[in-house]
Amino acid sequence: MATQLIKLDCDEGMSKNDLLKVLKNEARSIHIQDIMKASNFIRDDAKFMPRKERDDYITRFTKAFFARIKDIKDDLDEYSGEVDPGNLSEFLEIQNQLAQNAHNEDERCFHHIACVVATYTAFVREESIHPVGTRFPGGFTLRLVDGVYLCPVKDKQKDTPSALCRFCVSVQDDSVNH
């Protein structure tokens with residue numbers, strides 16, 4: 001799990017810029033070997049998916065991890081506003097539980113990187129946690145239309161305890177039949 005994120009005192013509140021500083025330090029601690037281990041977990045996790053979806057899933061998430069870690073390290077933007085301390089605390093608690101329940105080092109690396117990337121995406125950038133173009137069962141994809149992230153599974157996943165959907169800025173894509 002992202003060690004500096006665990007130690008955050010969410011009760012005190014925090015600016016997006018202060019959270020970004022923590023995330024930058026955390027991102028600097030992630031090495032190429034960690035991303036390779038996370039990629040191994042993604043590959044293993046997708047082994048029962050249909051080949052086309054599996055290959056796309058593996059490629060998209062491995063590339064997203066590389067790109068987002070670099071984005072975090074290189075981000076020089078100034079962000080206005082505060083992070084919602086209750087949401088951040090709940091989000092990090094879920095991430096910590098997922099990491100603690102990991103079965104091996106590859107899965108722990110995946111959860112560490114996912115925590116850093118998802119925290120940055122959801123709480124600093126206020127973007128969709130999943131990358132645009134992510135495919136979901138049924139062939140539906142997450143889309144960005146007129147500045148709004150449209151997710152084909154948001155409504156079905158928002159109440160799942162371990163899902164991060166309730167923290168994501170995306171909205172249900174109403175063009176997808178429920």
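The model is predicted: local features need pLDDT of at least 70, side-chain atom pairs count only at pLDDT 80 or more, and totals for chains, interfaces and linings use all residues. Residues are numbered from 1 along each chain as its sequence is written, and side-chain values use heavy atoms, with hydrogens and water left out.

**Gln-172**
- A polar atom of the Gln-172 side chain also lies 2.7 Å from the backbone nitrogen of Asp-155.
- Gln-172 is in strand β7 (residues 171–172); strands (E, at least two residues) and helices (H or I, at least four) are DSSP runs, numbered from the N terminus.
- Gln-172 has 9% relative accessibility and therefore counts as buried (under 20% relative accessible area, 1.4 Å probe, protein chains only).

**Aromatic pairs**
- The whole structure contains five aromatic pairs (ring centres within 6.5 Å for Phe, Tyr and Trp, the last by its six-membered ring; planes under 30 degrees apart are stacked, over 60 edge-to-face and the rest tilted).
- The ring centres of Phe-41 and Phe-110 are 4.9 Å apart with planes at 45°, so this pair is tilted.
- Phe-41 belongs to helix α3 (residues 32–45) and Phe-110 to helix α6 (residues 105–125), so the pair ties together parts 69 residues apart in sequence.
- Phe-41 and Phe-110 are both buried.
- For Phe-91 and Phe-123, centres 5.0 Å apart and planes at 70° make the pair edge-to-face.
- Phe-91 in helix α5 (residues 85–100) and Phe-123 in helix α6 are 32 residues apart, and their pair links distant parts of the chain.

**Aromatic cluster**
- One aromatic cluster is formed by Phe-41, Phe-65 and Phe-110.

Definitions and conventions
Buried means under 20% relative accessible area, exposed over 50%, partly exposed in between (1.4 Å probe, protein chains only). A polar contact is a pair of N or O atoms within 3.5 Å; within protein, one must be able to donate a hydrogen and the other to accept it, and residues adjacent in sequence count only if both atoms are side-chain atoms.
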